[in-house]
Amino acid sequence: MIRLNEIHEKILSYNPDADLDLVNKAYVFSAKVHNGQVRMSGEPYLIHPMEVAGILASLRMDIPTIAAGLLHDTVEDTWATIEEITDLFGKEVADLVEGVTKISNITFNTEVAKQAENFRKMLVAMAKDIRVIIIKLADRLNNMRTLEYMSEDKRVGIAKETLDIYAPIAHRLGIYWLKSELEDLSFRFTKPEMYYRLSKMVAKSRKEREKYVNEVEHILKETLEKEGMKVEVSGRPKHIYGIYQKMEKANLDFEQVYDITAFRVLVDSIKDCYQALGIIHTTWRPVPDRFKDYIAMPKTNMYQSLHTTVIGPKGERAEIQIRTHDMHKVAEEGIAAHWKYKEGKLVDAKEDVTFRWIRHLIEWQQELKDPESFMQFVKVDLFPDEVYVFTPKGDVIELPVGATPLDFAYAIHTDVGNHCASAKINGKIVPLKTPLKNGDTVEIITSPTAHPTRDWLRIVVVSKTKAKIRQWLSKEEREQSKKIGKELLASEFTKFNLDLSKFINSNEVDKYLMEANLKSIDNLYSQIGYGKLSPLQTIKHLIPIDKLQEHKPKSDSAISKLFKLVARKSSTAVKIKGMDDILVRFAHCCNPIVGDPIVGFITRGRGITIHTADCTRTLELDPERKIEAEWDTRSNILRPVKILVTGIDKPGLLANITNSISSLGVNIIRASVAPNRNQKSTLMFEIAVKDTHQLRELINSISKIKDVTNVERVMAGETA
């Protein structure tokens, strides 16, 4: 447990004029209100706020923030009130405590709409005062360090939330050590067997690795100093989760991951950075396409460094980062490195570029009302591997890696994107799906007749671009649906020898629109055009039944035939809100099974297509066609699902897996085995399961088999 005097020492190391009275007062109050409370570990609860305050002091935070760290759980977990905190510690500290309390009440579950709404709340708290999320990160880090005392379900849930939400935020704030520790701890609880296996491998190779690190450090320092440079050189192993990601991405075994150590070279000036780079590249051969210049083009969190990978001693790859001491301070401290202390107070520049991404998210959370679109945008913006390209005039445009000329066009202006006909990269005409590279000069050629198509959604990667394309497509589809709906309704009226135009402004229409919660007659046409309303049902609502019986329809209308086609009794275990006996089919792209959160989309002529609620393909579909759907829990339907099992290619592996599947009463529809390099096997099984609970049980059972390294559910990859 950290002691109060240790927190004092940390604060005074970066803020010698700090007034520690507020910290002492917060400590006494926290000790008083948490007295008698214990954590899951059995330790006094006070240890937690003390550790949080210690982490905040390590992050060089100001006095009010550290005081709020000591008090952050008092309102939520004790009899203390926010009014009492205000009276005793002032409005600034109280606002921070209240902000953290609100974020602590947010849980990020898999239901996209709720997750999006909760993320909006977090963004508002972050935008109001960025220190709120920094306190929350410190709180989460200490909780992750003691997560083993929670139940398994809670451990896994909290770890996944940390990996999905909090680690990326720490990365965005530039606090890399915090991000790395959160990732490693999350990895430990989400994939414990793989985590401990890699940890043992890293520990086993440590002596040999240390010898290699010392050799590289010595050569680097000696070579650079020989050229008259003043340098500091150090080597550090990459964190466990980073090594795991590299293995997964390149399908490598641990023994094949050579650059698990990163070397850092610190120099006095930017000029020295480039001089050191030249000397290193002269000494060792650089690996092609492994050089990044974050000095000329800093990351959005203001991180600056030169990154290069070279073929070092013994033919092993060595990753080297070169930066100045000031750049290193930013890399280590993140956002805190941008703050200055005046008279013991922290002063932050509200317009600092560091905060641009938060303002960016706030703007878009106001514009993007659709939860799926918003969450997709958030995920892209939290993982910002950037590419920098130029306009013909030389202006720099920053886009995510993988961005295309279409993303570039929409970054210039929405109208440029909507009328993009073709593009040139470095003077040559290229397909619109061409990925952009650092330094490309991009020119967009527009045409009044060019317009977005649904295929564009598969080309672009920037969520803002996708949102703009969907807006255009939705508008066009609404106009088309209005036209079709009006024609269908007019045709149905004609079949009863009635004239639609005579009813448009009648009281019956106004009454029906109100009952059906429709804003206008155009809205009614759209609903019919989309297939959400039947023209025949509409007529029955508009015209009294006795009067309607006087007019016998001549024959079935097109829409009636359509509804007869799709109105078949479904045995798919899905209930559609407001519809009976409608044809239901499942999307191949996400292949939902009972227990998955689901949503339906009306497909003209094919009834309702069911997707999982988080299926990315639904982002390409018109939200107007969305309809509520839920599983009928009384049904015992079996649904096919694919699982991918990766393991060490040894005799008996397939038999052990099939026995595990059979023992749970699960039927195997088909199976395939593909041995690959590195003595690994990839096994694909298509099985029939009752629900997600049975699937989870099966995955857990297979995961425990010796020589199995990974088990995961596979989505089909084709659209409905």
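Guide: Let's start with a rule: two strands pair if DSSP finds at least two bridges between them. Helices (H or I, at least four residues) and strands (E, at least two) are DSSP runs, numbered from the N terminus. This is a predicted model, where local features need pLDDT of at least 70 and side-chain atom pairs count only at pLDDT 80 or more, while totals for chains, interfaces and linings use all residues. Residues are numbered from 1 along each chain as its sequence is written, and side-chain values use heavy atoms, with hydrogens and water left out.

Visitor: What order do the three strands of the open sheet take?

Guide: The order is β12-β11-β13, with antiparallel pairing. Three bridges join β11 (residues 420-425) to β12, and the rule asks for at least two, so the two strands count as paired. In that pairing, Lys-424 stands opposite Ile-429 in β12.

Visitor: What makes β12 and β13 edge strands?

Guide: Each pairs on one side only; β12 covers 428-430 and β13 covers 442-446. From one strand to the next, the twist averages 35 degrees (axes are lines fitted to C-alpha atoms, for helices over the stretch in contact, and angles run from 0 to 180 degrees between N-to-C directions).

Visitor: Now the rings. How many aromatic pairs does a search of the whole structure find?

Guide: Ten. Rings of Phe, Tyr and Trp (its six-membered ring) pair if their centres lie within 6.5 Å; planes under 30 degrees apart count as stacked, over 60 as edge-to-face and the rest as tilted.

Visitor: Why is the pair of Phe-29 and Phe-89 called edge-to-face?

Guide: The ring centres are 5.7 Å apart and the planes stand at 75 degrees, so the pair is edge-to-face. Phe-29 belongs to helix α2 (residues 21-33) and Phe-89 to helix α6 (residues 82-89), so the pair ties together parts 60 residues apart in sequence.

Visitor: Are Phe-29 and Phe-89 buried or exposed?

Guide: Both are buried, meaning under 20% relative accessible area; exposed is over 50%, and partly exposed lies in between (1.4 Å probe, protein chains only).

Visitor: How do you know that the charged end of Lys-25 sits over the ring of Phe-89?

Guide: The test wants NZ of Lys or CZ of Arg within 6 Å of the ring centre and within 35 degrees of the ring normal. The charged end of Lys-25 is 5.5 Å from the centre of the Phe-89 ring and counts as sitting over it. Likewise, Arg-639 has its charged end over the ring of Phe-586, 3.8 Å from the centre.
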